[in-house]
Amino acid sequence: MQGRDGMRAADADRQAVAERLRVAVDEGRLDLHEYDERLQRAYASRTYGELDALVVDLPVPAVPAVSELATRPETVPSPPEAVRPSAISSATARWLAEVWLPYLRVVAIVVTVWAVTSALATDLLYFWPVWVAGPWGGVLVVRTVAGLVGGEPRRRAAQRGLPAAQPEGRRDGADVEA
């Protein structure tokens with residue numbers, strides 16, 4: 001191998017490729033299996049050529065990589081309006097609340113019923129709420145992971161017309177006061 005492809009890569013180069021792969025998963029360009037496979041190969045890579053092969057089919061990011069920004073902090077760009085993290089995280093928080101709050105309410109009720117009956121019996125009774133909380137919680141964990149990986153919070157916010165991808169305080173002119 002000649003040129004840059006044959007040169008040894010540094011840990012920072014591997015980290016930059018790992019970050020680019022993470023962004024590709026977040027955008028839905030890679031599935032988790034392929035991401036895991038490429039990530040393992042990235043950290044095992046020795047040369048730039050091996051690293052480049054892992055991202056050759058991915059688009060070049062518009063924002064500089066984190067490792068590039070670390071060397072020039074004065075050039076850190078502000079996030080584009082369409083992908084402001086606070087707007088995305090608020091949509092994710094709303095979705096997580098929709099998924100988990102009913103579970104938490106029911107578990108609180110059944111644990112309270114168990115605690116009251118144990119107190120009235122003056123003995124710790126069998127902790128039967130585990131049969132409510134356990135299976136339902138397991139299903140919710142799977143749903144949460146699948147939903148976050150699949151972009152469910154953003155889709156749900158888009159279906160409801162919520163400003164998941166817009167900055168706070170701006171809803172396509174809806175905030176204009178007369």
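A nonpolar core is a set of buried Ala, Val, Leu, Ile, Met, Phe, Trp, Tyr and Cys residues joined through side-chain atoms within 4.5 Å, where buried means under 20% relative accessible area, exposed over 50% and partly exposed in between (1.4 Å probe, protein chains only). The model here is predicted, so local features need pLDDT of at least 70 and side-chain atom pairs count only at pLDDT 80 or more, while totals for chains, interfaces and linings use all residues. Residues are numbered from 1 along each chain as its sequence is written, and side-chain values use heavy atoms, leaving out hydrogens and water.

Let's start inside. The largest nonpolar core has 15 residues, and V17, L21, L30, A42, L51 and L58 have the most contacts within it. Helix α1 supplies its largest share, five residues. (Helices are DSSP runs of H or I, at least four residues, numbered from the N terminus.) Take L21: leaving aside neighbours within four places in sequence, L21 is in contact (heavy atoms within 4.5 Å) with L30, Y35, R38, L39, A42, L54, V55 and L58. There's also a second, separate core of six residues, including W95, V99, Y103 and A133.

Now for the helices. α1 (residues 11-26) packs against α3 (residues 48-55) at about 5°, with axes 10 Å apart; axes are lines fitted to C-alpha atoms over the stretch in contact, and angles run from 0 to 180 degrees between N-to-C directions. Because angles under 35 degrees count as roughly parallel, α1 is roughly parallel to α3. On the α1 side, D13, R14, V17, R20 and L21 make the contact, meeting Y48, L51, L54 and V55 of α3.

Finally, where does T122 sit? T122 is in the loop between α5 (85-121) and α6 (130-150). T122 has a positive phi of about 50° although it isn't a glycine, and at 72% relative accessibility T122 counts as exposed.

Notes
Helices (H or I, at least four residues) and strands (E, at least two) are DSSP runs, numbered from the N terminus. Angles under 35 degrees count as roughly parallel, over 145 as roughly antiparallel, 65 to 115 as roughly perpendicular and the rest as oblique.
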